[in-house]
Amino acid sequence: MYTLKFEESLCASCPTVDCFVKCQYMDLRMEQAKSEIMKLAKGEDCLPLHDCVTCYGCEEYCKRGNHPFYLITEMRERKGILTSPRAITKQWINIGEPRGKYRVGAIKNTVLSFGFMPELLQMVRGRLFDDVMPSYVFGQEFFCNVVYIHFANTSIIKERLPFVIDNFKKLGVKEVVCMHDECYGAFASLAPAYGMEVPFKPIHYFEYLVKRLKELSQEIRPLNIKAAYQRPCSSRLSADQHHFVEDIMKLIGVELVEREYQGENSLCCAGIFGMMYGYELANDVQKRNIDDMVEHGAECCVFNCPACYNAIATKVAKRGVRPIHIIDLCRMALGEKPGMEVV
Amino acid sequence: MSDISRSLSAIVGENYVSDKPEETYFYSRDPGLMPPHKPDYVVVPQKVEEIQQIVKLANEEGIPVVPMGAGMALTGLVIPLKGGIVIDMKRMNKVVEVNEKARYVIVEGGTSQGLLKSYLDKNYPRLRHSIPDSPGTATVAANVMIHGQGRLTQQYGFNSDMVSGLEVVLPSGEICKIGSCCLSPDWFSKGAPLPDLSGLFLGWFGATGIITKVALRLYPRKKMRDVEIFITDSEDLVPPMIYELTHTEMVEDINVFAQPMPLIFRDNHHIALFMTGDTDEELEFKRKMIWDSLDPFIKNKDGGFMAIPPVMKPTLLDMPQRSVSRFADVKKGGGFEYSGPIIAVDKYPQCSRKVMELASKYDLAYSAMARIIGRGHCMMFAFAYTFNRADPDMMTRARKALEEGSDFALQAGGVFWKATVDEQQMALEKMHPTTRNLLKMIKTNLDPNGIMNPGNWEVQ
């Protein structure tokens with residue numbers, strides 16, 4: 001049985017309680033935040049079990065590596081506190097069920113993992129990926145299942161993730177380039193937090209892009225545009241990789257606008273909020289986020305997660321800001337056509 | 001060539017009459033499960049006068065006459081059960097008139113839904129009609145004849161409620177105009193303020209006359225259209241959810257479905273909500289009203305709006321929806337039929353449980369589908385099964401499941417929609433005796449020789 005590694009003493013001695021003090025969706029001062037995290041650590045009923053909207057932010061705010069969000073998820077599941085309507089949770093669990101319909105390319109030591117994001121099949125093309133493709137995997141059998149922490153369901157992760165890891169192991173790969181934050185977070189953060197052994201090196205695709213862009217630097221035509229970056233929730237599970245966004249933008253001649261909702265203060269795309277909590281929260285977060293992009297003169301909104309793209313790309317476009325995935329942006333800098341367009 | 005063939009050729013021309021087996025074969029069946037029966041003749045007229053002459057000839061010779069649109073009803077309504085002449089209406093396919101300001105269109109009796117849609121798209125982009133989810137070849141006249149439903153049914157009722165006038169060839173061969181057009185050049189009403197005679201023909205499946213022109217109300221067509229899907233794992237909650245949604249009066253169309261495949265649909269009931277607007281603001285206002293109406297269910301975790309994958313949206317917004325055709329081939333072999341009673345919305349839980357029970361009992365792929373009619377006044381609930389036409393055993397099982405579904409629906413207070421002849425007899429048997437006698441009186445008086453689509457609505 002996999003159990004979460006969590007040290008109550010780390011929270012007890014924490015001088016900042018940033019996990020909850022910095023939360024953008026719960027208004028907690030230091031004293032109350034301390035009280036709530038300690039109640040959570042002891043398994044008692046507490047505010048975050050009811051009010052946390054699953055932005056994953058506290059996983060980044062906690063600099064002690066103590067996984068406050070995973071603990072909220074564990075406790076919610078233990079106490080039967082639902083985050084999402086039952087039907088939505090069932091639907092997502094059904095979607096990720098292995099069906100034996102996965103796709104595996106010509107596998108090398110390094111493989112690109114598309115997880116179960118069909119958008120990536122169209123997008124991951126061109127010279128950026130010449131050196132690895134067609135070494136790729138796609139399908140539920142390689143889907144990290146991390147998304148279920150939104151649904152307060154770690155059981156399904158504990159059940160499926162070991163099989164996913166084993167599927168990679170069977171391929172004999174040495175390195176897995178994760179084309180989505182959650183995939184990377186699964187192998188670099190969540191699996192270790194639960195004591196699961198990962199027999200390959202996970203590489204965030206940002207790191208891969210930086211390496212390739214440097215190799216192709218002679219062919220890059222700087223784009224000379226101003227952009228806002230839409231940071232996804234899952235990026236909070238791999239905050240140490242976030243700096244690569246700026247590195248990539250510099251390499252392709254894109255200026256990231258200084259705006260309110262960036263870095264640690266980023267706002268969720270709110271796609272998941274709509275499903276879980278209804279119109280008001282989702283609409284409020286999306287409006288503030290897009291207003292912020294417009295007010296700071298962003299010409300385009302750079303996406304990392306296809307799900308974020310699906311959630312707000314149309315709304316972003318209607319405000320005159322071009323939505324574009326970071327891979328497409330890099331491809332444009334190489335003179336290639338983007339693979340994803342606003343629906 | 002027989003005497004009848006010669007007579008028919010004299011009316012419509014030799015090229016438009018056939019008694020050849022390779023052609024009568026196609027007119028002997030529809031895509032559903034009803035057993036085929038060949039007509040003796042097929043005739044394809046182009047003018048009302050030709051239909052009048054054909055009907056008069058049939059009366060003289062005592063030959064059955066079956067008017068046919070595209071033959072898409074699935075319940076065998078245009079299978080010539082007693083042979084005779086099938087009148088294929090497809091050449092009578094003109095849009096006769098559009099009155100833009102009064103928002104109605106007059107079309108000939110064989111005009112297809114697809115043709116009308118294209119015509120309006122091209123010439124009257126601010127007008128639309130209630131498109132059913134049948135293939136585009138289905139005809140407007142046949143659809144109102146069977147009390148079909150379409151994209152505007154939640155707002156305006158059955159498609160037959162949108163009829164604003166009829167021209168009918170009676171079994172005697174005479175032409176009869178029904179509605180305001182009987183004394184006015186304008187076809188704005190099928191009845192009111194006169195006695196509404198449209199009921200002598202609508203719903204009769206051609207057993208009382210042949211519709212040669214139909215006027216249909218048109219409605220504002222907004223520039224934008226969108227869809228949301230609310231899902232719940234409890235069939236018992238679907239009726240109260242529909243109640244809240246219809247209360248908003250913000251929804252264009254409401255369809256409910258539950259099916260086991262693909263996996264994204266397993267275990268849940270899906271309420272597909274369509275909305276329209278001329279501006280982003282209008283559309284967003286409606287969206288907010290709709291979301292807010294279901295907010296208590298979201299807060300209780302009883303349901304939520306699913307994220308619709310971008311690839312799914314165009315399919316959902318398609319008119320007609322082609323997903324039905326795809327479902328028809330789930331088992332390969334292209335067989336698909338549904339029993340679709342009209343029934344109160346509060347019967348959704350029982351009906352959906354029954355679909356699944358029968359699918360399990362007869363080992364069939366199923367889909368439960370419902371289209372809300374009016375502001376929750378009733379719904380068409382489809383007990384839908386798919387089968388392989390090359391597998392007789394599977395077809396038998398599908399037939400049994402449909403029969404049991406029909407029986408269940410009738411017992412649950414439903415009324416058969418586009419009933420098969422067997423279902424018609426079940427309905428007539430259960431019907432109030434005075435009503436049954438009234439039907440008999442109408443049929444006998446209008447069609448004393450019993451030549452019009454015999455077998456249908458025949459009181460024994």
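**View 1. Open antiparallel sheet of chain B in the predicted model.** Five strands of chain B make up this open sheet, in the order β5-β6-β10-β8-β9, and their pairing is antiparallel. Strands β5 (95-99) and β9 (175-178) of chain B form the edges, each pairing on one side only. From one strand to the next, the twist averages 10 degrees.

**View 2. Pairing of β8 and β10 in chain B.** Strand β8 of chain B covers residues 163-169, and strand β10 of chain B covers residues 210-217. The two run antiparallel and are joined over 6 bridges. One residue pair to locate in this view is Val163(B) with its bridge partner in β10(B), Leu216(B).

**View 3. Helix α3 of chain B on the sheet.** Helix α3 of chain B, residues 48-61, packs on the sheet and touches β8, β9 and β10 of chain B. The direction of the helix makes about 50 degrees with that of β8(B).

**View 4. Contact between chain A and chain B.** Chain A contributes 21 residues to the contact and chain B contributes 23 residues. On the side of chain A that touches chain B, the elements giving two or more residues are α7 (86-95), α13 (271-277) and α15 (306-318) of chain A. Helix α7(A) supplies the largest share of that side, 7 residues. By residue class, the side of chain A that touches chain B consists of 10 nonpolar, 7 polar and 4 charged residues.

Technical notes. Residues numbered from 1 in each chain as written. Chains lettered and ligands numbered in written order. Predicted model: local features only at pLDDT ≥ 70, side-chain atom pairs only at ≥ 80, totals over all residues. Contact = placed C-beta atoms within 7 Å. Helix = DSSP H or I, 4+ residues; strand = E, 2+ residues; numbered from the N terminus. Nonpolar A, V, L, I, M, F, W, Y, C, P; charged D, E, K, R; others polar. Pairing = 2+ DSSP bridges. Axes fitted to C-alpha atoms, helices over the stretch in contact; angles between N-to-C directions.
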